[in-house]
Structures are given as structure tokens and as C-alpha cells.
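Colleague: I would like to learn how to read the main features of a model like this one. Could we take them one at a time?

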Amino acid sequence: MEDNTDSSFEKVLGEINHDDYVSSLNRRPGIFSNSIGIKDPTKMGEEYAAQWVENGYIILRGFYSDDECKRITEGSIDAAKKIVETGVEVRPSYFYKKGSYTVPEENFEAKVDSFENGLSKIYNLHREDVHSNDIFQKFCQNKSLNKIISGILGDNVDCFNSQFIFKNPGALGQPWHQDSLYYNFDRAPQVGVWLATSKATEENGCLFVSPGSHKEAIHYHEKDPRQSANLGYVEICDYDFSNEIAVTMDVGDVLIFHSLLMHKSIDNSSDNRRSAMVFHFADRDTKFVGPTIDEELMRFWWVPTVRDGEVVCGLGL
């Protein structure tokens with residue numbers, strides 16, 4: 001990526017205002033071709049295919065080992081430290097380097113006892129520009145995982161975003177939202193893949209989902225009214241969430257969900273971290289619509305994972 005393109009995102013991230021950002025999200029174009037169907041149900045199996053169409057998500061229990069999840073957590077902490085040491089501080093406690101950046105937990109006013117205990121997220125670990133740990137690429141290229149994703153999206157798929165969520169003790173939850181709100185794309189769905197790298201319980205801030213809400217269009221999202229909410233937190237206030245379900249997970253479980261599925265997390269009231277790694281996938285031919293930061297920059301984050309139905313080693317190019 002060219003230095004001037006890299007600098008453009010540093011500038012935007014450094015200057016972004018929460019109110020303006022929320023306003024811009026709600027002015028984005030609506031979904032042009034939302035699909036709740038599946039391109040090839042045989043790749044998912046009958047039970048998972050039915051769950052996806054009806055509920056908008058599926059859960060793979062015991063998909064990844066405890067050891068692999070531990071390596072992901074340790075690798076995420078190491079990558080965050082490297083970004084802080086060698087990157088640019090674009091706003092207080094936000095550090096950026098080559099497409100990856102760290103986000104602090106805004107409501108932590110007191111000094112935390114370690115660097116990682118003050119973090120909220122680190123973005124874009126699916127690229128290997130800022131670290132040398134291949135554990136993130138190995139997960140992204142998992143054949144069983146990509147078989148399901150290509151069953152939903154088709155035979156040509158890219159990973160366009162990833163994040164490691166620390167959800168340290170005391171961290172606030174994220175209100176009800178739809179991920180598609182954040183995407184300037186000409187089609188939906190995109191597919192989120194949420195790997196639990198720790199246990200996720202109602203005490204430590206697990207996810208909640210509203211089954212079937214993926215059949216809705218993008219709703220208006222209000223600004224999160226909490227003064228210490230993280231940048232970009234918004235909330236759907238015009239939908240009945242009485243059917244909400246807590247998604248409790250063991251280490252290594254995976255939630256695969258539709259980008260229009262309404263979901264939230266709750267505050268971490270425990271003494272333990274509730275960590276997770278999340279990857280987002282899209283049809284390779286997805287087009288950007290409406291205003292975006294810089295299309296060249298945005299495309300930099302898109303890396304191929306499936307071509308013609310086969311998993312490819314295109315990450316980090």
C-alpha cells in the first residue's frame with residue numbers, strides 16, 4: 001500500500017467524530033440485493049442450511065482446540081504491542097500501522113495493570129504486514145470453515161475485515177446492531193465468523209442474537225447514549241427483541257452469522273476476559289457504493305480465501 005494511502009486512513013481515524021460518524025452511518029445506501037438464501041446448501045448440510053435460512057446463524061461446537069485459541073490470544077497481544085511500538089498514535093491510545101490498529105476501552109478511567117487489559121480491540125489481523133504469526137491466516141484458510149462460507153456466498157470469497165476482541169473485566173457491551181450498517185457494499189449478506197477464544201457467559205459479556213432478524217432491512221441506529229461508550233457504538237431502538245437468545249460458548253466454539261442479524265453483547269461483570277476473534281467474509285465481486293474513505297485503501301484489506309470453490313493461500317499479498 002502506498003504511503004499516501006496509508007496516511008489518508010491515519011488522518012481519518014485521527015479526526016473522526018463520534019456524532020458525525022453515527023450520522024454518516026445512517027445516511028449510507030440501503031441493501032441492494034439482500035439474500036437470506038444459500039448458494040449451495042450441500043456444502044453446509046441440511047440442518048445447518050435450515051438454521052441459516054430460518055435464524056440467520058449457526059454454531060459449530062468444539063471447532064477449534066484450546067491450544068489453538070490460546071495461541072490466537074497470545075498472538076493478538078503480541079501484534080498489538082508491535083503496533084504500539086512501531087506504529088503511529090493517531091488519537092489518544094489508538095495506534096495504527098499498515099492497515100491494522102488498536103482500539104482502547106473508553107470506559108477504563110483507572111490505570112490498568114497491563115497493556116492488554118486496557119485494550120478493546122485490534123483490527124485486521126488477517127493480514128501479516130505487522131506480525132509474523134501465521135495462526136490468523138491458518139484459521140482464515142480452514143477448509144471446513146470455508147466450505148460453509150462458500151456454500152453461503154458462492155465459490156469466490158474474500159476476507160475483508162478481522163478483529164480480536166479482548167472484552168476485559170469491566171468492559172461495556174455493544175448495543176443491538178447489524179453489521180451491514182458499517183459496510184458500504186452493493187449487496188448482502190456478508191458472513192461473520194466469531195471464534196470464542198475464552199468461555200463466553202452471561203457474566204463475562206456473551207453475545208445475544210435475535211433469531212430471524214436477518215430478514216429485516218438495515219434499521220436506523222441511534223447513537224449509544226452512554227458517555228463512556230466506545231467509538232462507533234450505536235443502537236437499534238425500533239425492534240422487538242423479546243425473542244433474544246444468549247449465545248453462551250465454550251473455548252473453540254464458532255458462531256457464523258448473517259450481516260443483517262441483529263446482535264449485541266452485554267457488560268463484562270466478571271473477573272475474567274471474554275475474548276474472541278472475528279473474521280468477516282464477502283463475495284469477491286462486491287462493489288463499494290456511496291462515500292468511502294479511500295477505495296484503494298479499503299481494497300487493501302480484502303484478501304482472497306476461496307477461488308472457484310477452492311481455498312487459496314492469498315493472504316498477506
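Colleague: With which residue does Lys43 form a salt bridge, and how far apart are the closest N and O atoms?

Modeller: Keep in mind throughout that this is a predicted model. To read a salt bridge, look at the partners, then at where they sit. Lys43 pairs with Asp155, and the closest N and O atoms are 2.8 Å apart. The two belong to distant parts of the chain, 112 residues apart: Lys43 is in the loop between helix 2 (18–26) and helix 3 (46–55), and Asp155 is in the loop between helix 6 and strand 6. Lys43 is buried at a relative accessible area of 18%, whereas Asp155 is partly exposed at 38%.

Colleague: How many salt bridges does a search of the whole structure find?

Modeller: The search gives 13. One of them joins Arg187 and Asp283, with 3.2 Å between the closest N and O atoms. This pair also links distant parts of the chain, with Arg187 in the loop between strand 6 and strand 7 and Asp283 in strand 14 (residues 276–283), 96 residues apart. Asp283 is buried, at 15% relative accessibility.

Colleague: Which residues do salt bridges with shared partners join into one network?

Modeller: The network consists of Arg71, Asp134 and Lys138. Within it, the side chains of Arg71 and Asp134 meet at 4.0 Å, N to O. Arg71 is in helix 4 and Asp134 is in the loop between strand 5 (119–123) and helix 5 (135–140), 63 residues apart. Arg71 is partly exposed at 33% relative accessibility, and Asp134 is partly exposed with a relative accessible area of 33%.

Colleague: What about a charged residue without such a partner: how far is Lys167 from the nearest side chain of opposite charge?

Modeller: For such a residue, check the distance to opposite charge, then look for polar atoms. Lys167 is buried yet has no salt bridge, and the nearest side chain of opposite charge, that of Asp267, is 6.3 Å away. A polar atom of the Lys167 side chain does lie 3.1 Å from the backbone oxygen of Gly205. Lys167 is placed in the loop between strand 6 (157–165) and strand 7 (191–196). Leaving out residues up to four places away in sequence, its contacts include Ser120, Asn204, Gly205, Asp267 and Arg274.

Colleague: Is Asp158 buried or exposed?

Modeller: Asp158 counts as buried, at 6% relative accessibility. The residue is in strand 6. Its side chain makes a polar contact of 2.7 Å with the side chain of Arg307. Beyond four places in sequence, Asp158 also touches other residues, among them His280, Phe281, Trp302 and Pro304. Asp158 and His280 are 122 residues apart in sequence, with their C-alpha atoms 8.6 Å apart.

Colleague: Turning to a helix, how many of the 11 residues of helix 6 are buried?

Modeller: Read a helix by its burial and by its ends. Helix 6 (residues 143–153) is mostly covered, with 8 of its 11 residues buried. Among the buried ones are Leu145, Asn146, Ser150 and Leu153. At the start of the helix, a side-chain oxygen of Asn142 comes within 3.1 Å of the backbone nitrogen of Ser144. Just after the helix, Gly154 has a positive phi of about 115°.

Colleague: Which residues touch the most other members of the largest nonpolar core?

Modeller: They are Phe139, Val193, Ile256 and Phe281, in a core of 40 residues. Helix 4 (residues 66–86) contributes the most to this core, with 6 residues. A second, separate core has 20 residues, including Leu207, Val209, Val247 and Val278.

Methods: Residues are numbered from 1 along each chain as its sequence is written. This is a predicted model: local features need pLDDT of at least 70, side-chain atom pairs count only at pLDDT 80 or more; totals for chains, interfaces and linings use all residues. Side-chain values use heavy atoms; hydrogens and water are left out. A nonpolar core is a set of buried Ala, Val, Leu, Ile, Met, Phe, Trp, Tyr and Cys residues joined through side-chain atoms within 4.5 Å. Buried means under 20% relative accessible area, exposed over 50%, partly exposed in between (1.4 Å probe, protein chains only). Helices (H or I, at least four residues) and strands (E, at least two) are DSSP runs, numbered from the N terminus. Lys and Arg count as positive and Asp and Glu as negative; His and the chain ends are not counted. A polar contact is a pair of N or O atoms within 3.5 Å; within protein, one must be able to donate a hydrogen and the other to accept it, and residues adjacent in sequence count only if both atoms are side-chain atoms. Contact means heavy atoms within 4.5 Å.
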